[in-house]
Amino acid sequence: MTKIDQIETLILDIPTIRGHVLSMATMRTQTAVLVRVTFSDGSEGIGEGTTIGGLSYGPESPEGIQSAIETYIAPALIGRNGDDVNGAIQLIDKLVKGNRIAKTAVEIALWDGLGKRLGVPVSQLFGGAVHERLPVAWTLASGNSETDIAEAQEMIETRRHNIFKLKIGKRSVREDVAHVARIKEALGDAASVRVDVNTAWSVQDARWGLKGLQEAGCELVEQPVPARYRRAMAELAKGYEIAVMADEALNGPEDALEVASVRGADVFAVKIGQSGGLKRASEVIAIGQAAGLGLYGGTMLETGLSTAAALQLFSTVEDLAWGTELFGPLLLTEDILAEPIIYRDFCVEIPKGIGIGATLDQDKINFFRRDGGRTMKAVAGE
């Protein structure tokens, strides 16, 4: 039996290429928690847990993610069968409530290690890839219309992106709608324009906002009201032609079932970290498919490591009607992978190779790591 022998965690702080303006924070650095699991046969797997804006987006911080792994998850897993990923998931779900991003980081490393030992990509462990590449959106989040227009036009000309999501919600609804309308008018039919409100609107604001966005030619609005307002989301989805996408409302399959049951969205933004790992994300996908909802591969602005893991899963989904936004590595000043993920022709390519298809650039890891790293190792003989 191949046992889990050692678990290491470390935190990276990587600057972004520009300020990334959200309704609740402006990001200038992305912080990622990396996990390395070493197995008794010498094989290893790597994973990542990443959140957005410290604690301003959700209940997990980078420091909390690392603490949850070191204090609660790692001690329960060391010495267990490394090939029994489902068993590890079930055990941790019993021992640790919430902490979905921390669980995701460890689970990715377990799937990666299993794929490497079997000599197959992780997509094969979820039934096999049906795509070699997927459409990928870019987020325009400077907050300035002219800056965003210039950025989008450059992306279109270089054939990197022609789907754009605008981060709005910090200004008045009227100002936000005018901002989106200016960008859509400038880009015309050359691009798909969508928005993400990140829960910033009241229900009344959302009614006016969706009306204005629909008239401006915007195709989709993501999580316009707080996650707990599921019936309000259902009202908005029913009341407008513009698609309404659930994001913050989806924290695992239980939430997905509840949202689907009230028809609280037209589209699911599926994020592996928010779902609680690849397996739970696959369950969210299945619920969305069964309910006839559109699917979208979401991001927590991860580095290339977790992005590669997400791509392994999404490559197995037959119909991602709304594409993906797995552009996280492009927002960072440096890529931490030895072979960066390829973006071209308006798509992101599924990484080749075994496991999640990612190898770390150790020089970059050493440069961006916050401290000396921490290690937990099984006692000799156990």
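Helix α5 (residues 145–157) and helix α6 (residues 173–187) cross at roughly 35°, with axes that come within 10 Å. This is a predicted model. The briefing covers that helix pair, then aromatic rings, then salt bridges.

**Helix pair α5 and α6**
- The crossing of α5 with α6 is right-handed.
- From α5, the contact draws on Ser-145, Asp-148, Ile-149, Ala-152, Gln-153 and Ile-156.
- Facing them in α6 are His-179, Arg-182, Ile-183, Ala-186 and Leu-187.
- By class, the residues of this α5 contact with α6 are six nonpolar, three polar and two charged.

**Aromatic rings and charges**
- The structure holds three aromatic pairs.
- Two arginines sit over ring faces, as follows.
- Arg-117 is placed over the face of Phe-39, at 4.1 Å from the ring centre.
- Arg-160 is placed over the face of Trp-138, at 4.8 Å from the ring centre.

**Salt bridges**
- The whole structure contains 26 salt bridges.
- One of them joins the side chains of Asp-13 and Arg-370, at 2.8 Å from N to O.
- This pair ties together distant parts of the chain, 357 residues apart.
- Asp-13 belongs to strand β1 (residues 4–21).
- Arg-370 lies in the loop between α13 (362–368) and β14 (374–377).

Note on methods:
Residues are numbered from 1 along each chain as its sequence is written. This is a predicted model: local features need pLDDT of at least 70, side-chain atom pairs count only at pLDDT 80 or more; totals for chains, interfaces and linings use all residues. Side-chain values use heavy atoms; hydrogens and water are left out. Axes are lines fitted to C-alpha atoms, for helices over the stretch in contact, and angles run from 0 to 180 degrees between N-to-C directions. Helices (H or I, at least four residues) and strands (E, at least two) are DSSP runs, numbered from the N terminus. A crossing is left-handed if the near helix is turned anticlockwise from the far one by less than a right angle, and right-handed if clockwise. Contact means heavy atoms within 4.5 Å. Ala, Val, Leu, Ile, Met, Phe, Trp, Tyr, Cys and Pro count as nonpolar, Asp, Glu, Lys and Arg as charged, and the others, Gly among them, as polar. Rings of Phe, Tyr and Trp (its six-membered ring) pair if their centres lie within 6.5 Å; planes under 30 degrees apart count as stacked, over 60 as edge-to-face and the rest as tilted. A charge sits over a ring if NZ of Lys or CZ of Arg is within 6 Å of the ring centre and within 35 degrees of the ring normal. A salt bridge is a side-chain nitrogen of Lys or Arg within 4 Å of a carboxyl oxygen of Asp or Glu.
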